[in-house]
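I opened this chain to see how its parts are held together, and I kept notes in the order in which I looked things up.

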Amino acid sequence: MRAVQVTRLDGPDAIEVTDVAEPTGDGVVVDVHAAGAAFPDALLTRGLYQYRPQPPFVLGAEIAGVVRSAPDDAHVAAGDRVVGLTMLTGGMAEVAVLAPDRVFKLPDNVSFEAGAGLLFNDLTVYFALSVRGRLAAGETVLVHGAAGGIGTSTLRLAPVLGATRTIAVVGTEEKAQLATAAGATDVVLAEGFKDAVKELTHGRGVDIVVDPVGGDRFTDSLRSLAPGGRLLVVGFTGGEIPTVKVNRLLLNNLDVVGVGWGAWTLSHPHALAEQWAGLEELLSSGRLRPPQPAVYPLAEAAAAVASLENRTAKGKVVLRVRD
């Protein structure tokens with residue numbers, strides 16, 4: 001089968017699309033039609049992620065496709081359209097074998113490409129806003145990196161979960177257009193975002209900041225929160241891991257909240273199924289629009305992963321594995 005392999009830890013340039021043996025083992029065997037790419041994939045190509053497989057290994061943690069075979073006691077069967085998580089490698093290939101509890105039926109109104117772009121980002125954001133962020137009806141959500149995968153998921157999900165205003169923070173005017181298309185009610189540039197948010201909210205601030213970027217904007221994110229606001233720490237695509245002076249939290253009763261979605265699913269056995277059930281209902285009913293990912297052919301896997309590393313990616317990035 002064709003697969004996306006990391007042959008050495010030299011970054012996305014070390015990615016090769018090559019023929020490898022099909023995976024073996026117990027589980028749900030899926031003929032993969034599309035595979036999602038995420039920032040951890042870029043880190044894996046340099047050996048910088050907390051999980052460090054030795055090359056050669058096949059990239060990819062999220063897939064969409066058709067079940068070839070499944071154990072008798074699985075909740076999916078041969079022929080079902082599904083999405084699934086490999087956790088964390090093996091997905092960017094024509095065939096993947098997944099644990100039954102990490103495979104879910106894909107709604108008929110969602111394409112394979114959109115399905116492959118759902119799991120990491122939408123489940124992370126669903127968990128971030130509903131569990132860790134305690135989003136309440138009528139609140140305002142600000143999201144950094146708003147034109148990226150987590151950002152566009154936040155702009156799609158926050159209004160469905162009760163937010164009445166979403167403020168997108170982007171780096172360029174081109175990305176501002178992407179954020180608006182994803183559903184942002186307001187868009188501001190990263191440079192000087194704190195003052196822009198203050199003006200937009202008439203000095204009150206926002207209730208929730210979703211931050212997958214980190215770096216030097218962290219303090220201004222705290223300053224942009226309304227009393228009782230929550231800053232959700234999702235990741236550090238900006239590179240630098242920021243620190244916080246806790247007196248800022250005391251003065252305005254602020255929360256800085258970690259959003260470790262993967263760790264939560266490992267320590268809460270039923271969480272993944274519960275989160276998918278909530279997300280699936282929103283998708284099936286049409287209340288939540290599927291993502292519109294940037295789709296690359298499998299042969300351009302290196303460019304797809306590089307776009308995440310160099311932050312040129314526009315929304316979620318997905319590889320088309322089968323035509």
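Is H144 buried or exposed? The model is a predicted one, and in it H144 counts as buried, because its relative accessibility is 0%. I located H144 in the loop between β9 (140-143) and α4 (149-160). Setting aside the neighbours within four places in sequence, I found H144 in contact with G151, V169, F193, V209, V210, D211, P212, V213, R217 and S221.

I noted that the chain is divided into domain 1 (2-117 + 291-320) and domain 2 (121-262), with their C-alpha centres 28 Å apart. Between them, nine residues of domain 1 are in contact with 14 residues of domain 2. I also looked at the UniProt record, an unreviewed entry, whose annotation "domain: Enoyl reductase (ER)" covers residues 7-319. Over residues 7-319 I read 31% helix and 25% strand, with the end C-alpha atoms 19 Å apart.

How many of the 14 residues of α3 are buried? I found eleven, so I put down the helix (residues 119-132) as mostly covered; the buried residues include F120, D122, Y126 and L129. Just after α3, R134 takes a positive phi of about 50°.

- E94 forms a salt bridge with R2, with the closest N and O atoms 3.3 Å apart. This pair links distant parts of the chain, E94 being in the loop between β6 (81-85) and β7 (95-98) and R2 in strand β1 (residues 2-6), 92 residues apart. E94 counts as buried at 18% relative accessibility, whereas R2 is partly exposed at 34%.
- R320 and E113 meet through their side chains in a salt bridge (3.1 Å, N to O). Here R320 is in strand β16 (residues 317-320) and E113 in helix α2 (residues 112-116), 207 residues apart. I noted R320 as partly exposed, with a relative accessible area of 31%, and E113 as buried, with 18%.
- E139 and R230 meet in a salt bridge of their side chains (2.8 Å, N to O). Because E139 lies in the loop between α3 and β9 and R230 in strand β13, the pair ties together parts that are 91 residues apart in sequence. E139 is buried at 13% relative accessibility, and R230 is buried at 5%.
- Salt bridges that share partners join E22, D31, R68 and R322 into one network.

Last, I looked at a nonpolar surface patch of about 210 Å², made by V244, V246 and V256. V246 is placed in the loop between β13 (225-233) and α8 (247-252), and with a relative accessible area of 58% V246 is exposed.

Methods: Residues numbered from 1 in each chain as written. Predicted model: local features only at pLDDT ≥ 70, side-chain atom pairs only at ≥ 80, totals over all residues. Heavy atoms only, no water. Patch = residues over 30% accessible without salt bridge, like charges linked within 9 Å, V, L, I, M, F, W, Y side chains within 5 Å. Areas by Shrake-Rupley, 256 points an atom, 1.4 Å probe, with all protein chains shown as cover. Salt bridge = Lys/Arg side-chain N within 4 Å of Asp/Glu carboxyl O. Helix = DSSP H or I, 4+ residues; strand = E, 2+ residues; numbered from the N terminus. Buried < 20%, exposed > 50% of the residue type's maximum accessible area, 1.4 Å probe, protein only. UniProt positions renumbered as here; feature names shortened; annotations may be inferred. Domains from an automatic or database assignment. Contact = heavy atoms within 4.5 Å.
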